[in-house]
Amino acid sequence: MRATKFEFEQRFWIIAAIYLAGFSLSGTDHTSFIATLRHLIAPSIAAGTPQAKVFARIVISGGALLVFLTAALRTWGAAYLRTSVVHDTAEHSEALVADGPYRYTRNPLYLANLPMAAGIGVLASRSGFIFLGLANWIFVYRLIYREEDALGQTQGKSYRAFCEAVPRFWPALRPRVPAGNHLPVWGQAFAGESFVWIFGLAELIIAITLSPMAALIVFPLGFVAHYIISRRIRKPRK
């Protein structure tokens, strides 16, 4: 179940490929997730009517809200872990961060992948929505197992005690460990997670316009932002 070194190093692009595969399923499954949800919740609303458009806007707006929730959670985590670590292709197990969101869950950044998959997935077909949720869940768990092995080897007893106190994935309602001395650095965190905020903005624009062209314009900006930030992070290491 543990991810390979290659999978960890290329995790962003593998997740991007998962999204591409999920949306490609619309080529064989022509029923959108929104239409399926409308048939389940409000079967009296006919396709192509003003009511159907209102329903679509509500669902897509809900998806955008989930993406913004993802961006907020990832920004909170990156404020403590640092963007240079979050987006680095190399593994970092030399220190254990147990502050901020890490007091509630050991993997807030990976946890955030699920609401993002659900939020963006509302734009896919019904099978694409299911695929995005399951594929992201499986992949992030494989990444988690790899990082746990590395931290267990370098941090020893302190990491085992941290694991006993803090849930691996689903967050506790209350902090499980005392606050530490790590101070959040918000500027670099917002910059590092800007691509997720852009994804949320893109989906919000789609909810307003109901135009697929908005996605073709704004979503690529998120990938450009990630590419630029990743290059800037790796440059000092060279």
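This is a predicted model: local features need pLDDT of at least 70, side-chain atom pairs count only at pLDDT 80 or more; totals for chains, interfaces and linings use all residues.

Modeller: Residues are numbered from 1 along each chain as its sequence is written, and side-chain values use heavy atoms, with hydrogens and water left out.

Biologist: How are H3 and H4 oriented to each other?

Modeller: Helices here are DSSP runs (H or I, at least four residues), numbered from the N terminus. The axes, lines fitted to C-alpha atoms over the stretch in contact, with angles from 0 to 180 degrees between N-to-C directions, come within 10 Å for H3 (residues 33-41) and H4 (residues 50-81) and cross at roughly 110°. Angles of 65 to 115 degrees count as roughly perpendicular and those over 145 as roughly antiparallel. That makes H3 and H4 roughly perpendicular.

Biologist: Which residues of H4 does H3 meet?

Modeller: Contact means heavy atoms within 4.5 Å. From H3, the residues involved are Ile34, Leu37, Arg38 and Ile41, and in H4 they meet Ala52, Phe55, Ala56, Val59 and Ile60.

Biologist: And H7 with H8, how are those two oriented?

Modeller: Helix H7 (residues 113-121) and helix H8 (residues 126-155) have axes that come within 9 Å and cross at roughly 165°. H7 and H8 are therefore roughly antiparallel.

Biologist: Where does arginine 82 lie, and is it buried or partly exposed?

Modeller: Arginine 82 sits in the loop between H4 and helix H5 (83-86), and its phi is positive, about 85°, although it is not a glycine. Buried means under 20% relative accessible area, exposed over 50%, and partly exposed in between (1.4 Å probe, protein chains only). Because its relative accessibility is 27%, arginine 82 counts as partly exposed.

Biologist: What is the relative accessible area of leucine 210?

Modeller: Leucine 210 is in the loop between H11 and helix H12 (212-237). Its phi is also positive, near 55°, in a residue other than glycine. Leucine 210 is partly exposed, with a relative accessible area of 29%.

Technical notes:
Angles under 35 degrees count as roughly parallel, over 145 as roughly antiparallel, 65 to 115 as roughly perpendicular and the rest as oblique.
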